[in-house]
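User: Please examine the structure shown below and answer some questions about it.

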Amino acid sequence: MLYLTEDDVTRLIDMPTVLGVVERAFLGLARGEAENVPRMRARTRGVTLHSMSAAASYLGFSGWKNYTTTAQGTRFLVGLHENISGRLVALIEANRLGQVRTGAATGVAVRYLSSVDTDEVGLFGTGWQAESQLAAVAAVRPLRRVVVYSRSAERREAFARKMSERLMLDVAPAAVAREAVEGLPLIVTATTSETPVFDGEWLAENAVVCAVGSNWLHKAELDAAVFRRATRVVCDSVAACRHEAGDMAAALAAGTFTWDRAEELAKVVESGCAAAGRSETSEIHEDRHGVVVFKSVGLAIEDLAVAVHLVAQAQSQRVGIVLPVEEGMRGLPPTRV
């Protein structure tokens, strides 16, 4: 069995490749080649265990992600099983994996839901997830200007400097939240806020809003006005969003959203392929009017697809630790590839 550390994952992963891997995963969901099981949580004093899983015939593997949150932080682990034998073939430390796949899911949504010439974005959040969100959007759109806002002036200024240099973009800190929304064609929220981070009335007429920060029913980055103005609402998974999207739960309670309006990103990707006359993913857009919302809570199929890619790369580059788990090998020390 192969074991990959966070350092191994960082060495093997890159956003452009993961964008393609995650996009293909959504196509697999649409075609019935994969199944995703939403996250479940078990709690006791001092710890929450989060568990999610997926299986994919097109990959030949099934897998799970478990992670714990405690006062000491969060620890992520992905397990990869071979479909034919059921054998556990890899264990992967998955903090970096989760960061990049979360960004990639937004990148896929932006590719299919926004105008191809979108060159400005408003970003809420200055943490690790916000970094990958911006990297993914920059990989699929010709960005020239980014406006970032968080409650801490020091953090947003530091984030702007860091990401300007990293992505060679004009990333500017916003003095107030409205500056990161008004007149901008694309808004991304990647915060830990439990309450809405901007007023939906500030949105431009045809803005696309991607909300990724909340996967708890008591947390909502978007207010009810966003959903009232939305002419299209797309979920990474409708089932998963029903289970844990606080933004939608709040809008439902306010009467500005109903679940029959929700679409699957998988179907959006599949429609794009069909319209382009291709069997694989291909960017295509329809004329639209009104605000578009993409809500992401994070899916195990994304983790699974990226894990399969990582293991293939690790094997070809001889990266990772081989753990002796086969019969007759127990008790032997692990071996670095």
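User: How many disulfides does a search of the whole structure find?

Analyst: A disulfide is a pair of cysteine sulfur atoms within 2.5 Å. This is a predicted model, in which local features need pLDDT of at least 70, side-chain atom pairs count only at pLDDT 80 or more, and totals for chains, interfaces and linings use all residues. Residues are numbered from 1 along each chain as its sequence is written, and side-chain values use heavy atoms, leaving out hydrogens and water. Across the whole structure, the number of disulfides found is 0.

User: Which cysteine has the sulfur nearest to that of Cys 241?

Analyst: Cys 241 is buried, at a relative accessible area of 0%. Cys 241 takes part in no disulfide. The nearest cysteine sulfur is 3.7 Å away and belongs to Cys 235.

User: Which side chain of opposite charge is nearest to Lys 219?

Analyst: Lys 219 is buried yet has no salt bridge, a term for a side-chain nitrogen of Lys or Arg within 4 Å of a carboxyl oxygen of Asp or Glu. Lys and Arg count as positive, Asp and Glu as negative, while His and the chain ends are not counted. At 4.8 Å, the nearest side chain of opposite charge is that of Glu 194.

Technical notes. Buried means under 20% relative accessible area, exposed over 50%, partly exposed in between (1.4 Å probe, protein chains only).
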